[in-house]
Amino acid sequence: MSIASAGSPLVSPAATPSKPKGRWAALWSMAFGFMADGTEGGLVNTLFPVIQASLGLQLTALGLMTSISRFARMIFGPFWSIMADKYGRKRILFLVTGVWGIWIGLAGLAQNFTQLLILYTIGVIGTVASEPIANGILGDLFEEDERGKAFGAIRMASSFGGLVLTPLIGQLSRVDEGWRIGLYIMGGLSVLSGILILMFVHDPRQDAHQGGQKSSAGEFKFALV
């Protein structure tokens with residue numbers, strides 16, 4: 001007599017892994033952070049005429065401030081990715097996308113170009129971190145058959161938000177010292193994005209580590225460069 005009953009496989013097929021709960025809420029939360037960071041990076045371009053009039057700046061100041069975000073992305077993008085691998089992606093994302101927005105708000109208090117340049121530079125250092133870290137989390141939250149949709153959705157949502165928010169912030173150029181209000185608003189939105197990340201984003205890699213199943217896959221290592 002056969003050990004296995006007729007028509008029954010000796011080995012049951014592997015159960016399909018359940019998809020992480022709340023992954024779409026995490027995506028929309030990180031998209032909000034993308035939007036805030038992206039708008040902060042272009043805020044100077046939008047409000048420079050009123051900043052120039054307020055602080056008596058030369059036009060060359062615009063080129064200097066515009067280049068800051070590019071240098072920050074080149075230098076601090078890899079740095080924040082390394083910190084995320086070491087200390088936890090959600091923790092670093094909350095810090096640099098959320099709490100770090102305070103620096104952008106403080107830039108609105110600047111009384112001269114030197115103060116503005118220093119505070120804005122510190123603020124921009126944090127805005128370059130969200131995209132590489134969030135993309136790594138998305139890769140773990142979504143299976144291969146959903147990743148294209150997920151990456152497209154976060155890009156679409158953040159871009160649409162930026163298209164709506166940038167013209168609204170631009171209206172502050174009609175207000176005396178409106179650039180300060182714009183910086184306060186963007187700093188507040190960054191802090192709000194950090195709260196959303198804290199509430200709705202979870203890092204599968206960190207969860208696996210807490211369960212004793214840490215994987216080194218996807219971690220940044222100079223040896224692999």
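Is Phe-142 buried or exposed? At a relative accessibility of 1%, Phe-142 counts as buried; the term buried means under 20% relative accessible area, exposed means over 50%, and partly exposed lies in between (1.4 Å probe, protein chains only).

The model is predicted: local features need pLDDT of at least 70, side-chain atom pairs count only at pLDDT 80 or more, and totals for chains, interfaces and linings use all residues. Residues are numbered from 1 along each chain as its sequence is written, and side-chain values use heavy atoms, with hydrogens and water left out.

**Aromatic pairs**

A pair of aromatic rings is described by the distance of the centres and the angle of the planes. Rings of Phe, Tyr and Trp (its six-membered ring) pair if their centres lie within 6.5 Å; planes under 30 degrees apart count as stacked, over 60 as edge-to-face and the rest as tilted. The structure holds five such pairs.

| Pair | Centres | Planes | Class |
|---|---|---|---|
| Trp-24 and Trp-28 | 6.0 Å | 35 degrees | tilted |
| Trp-24 and Phe-142 | 5.0 Å | 75 degrees | edge-to-face |

Trp-24 and Trp-28 are four residues apart in helix 1 (residues 23-41), so about one helical turn separates them. Helices are DSSP runs (H or I, at least four residues), numbered from the N terminus. Trp-24 is partly exposed at 26% relative accessible area, and Trp-28 is partly exposed at 43%. Elsewhere, ring pairs link Phe-76, Phe-79, Trp-80 and Trp-100 into a cluster.

Ser-130 lies in helix 7 and counts as buried, at 5% relative accessibility. Its side chain is joined to that of Asp-37 by a polar contact of 2.9 Å. A polar contact is a pair of N or O atoms within 3.5 Å; within protein, one must be able to donate a hydrogen and the other to accept it, and residues adjacent in sequence count only if both atoms are side-chain atoms.

A nonpolar core is a set of buried Ala, Val, Leu, Ile, Met, Phe, Trp, Tyr and Cys residues joined through side-chain atoms within 4.5 Å. The largest has 53 residues, and among those touching the most other members are Trp-80 and Leu-116.

Methods. Helices (H or I, at least four residues) and strands (E, at least two) are DSSP runs, numbered from the N terminus.
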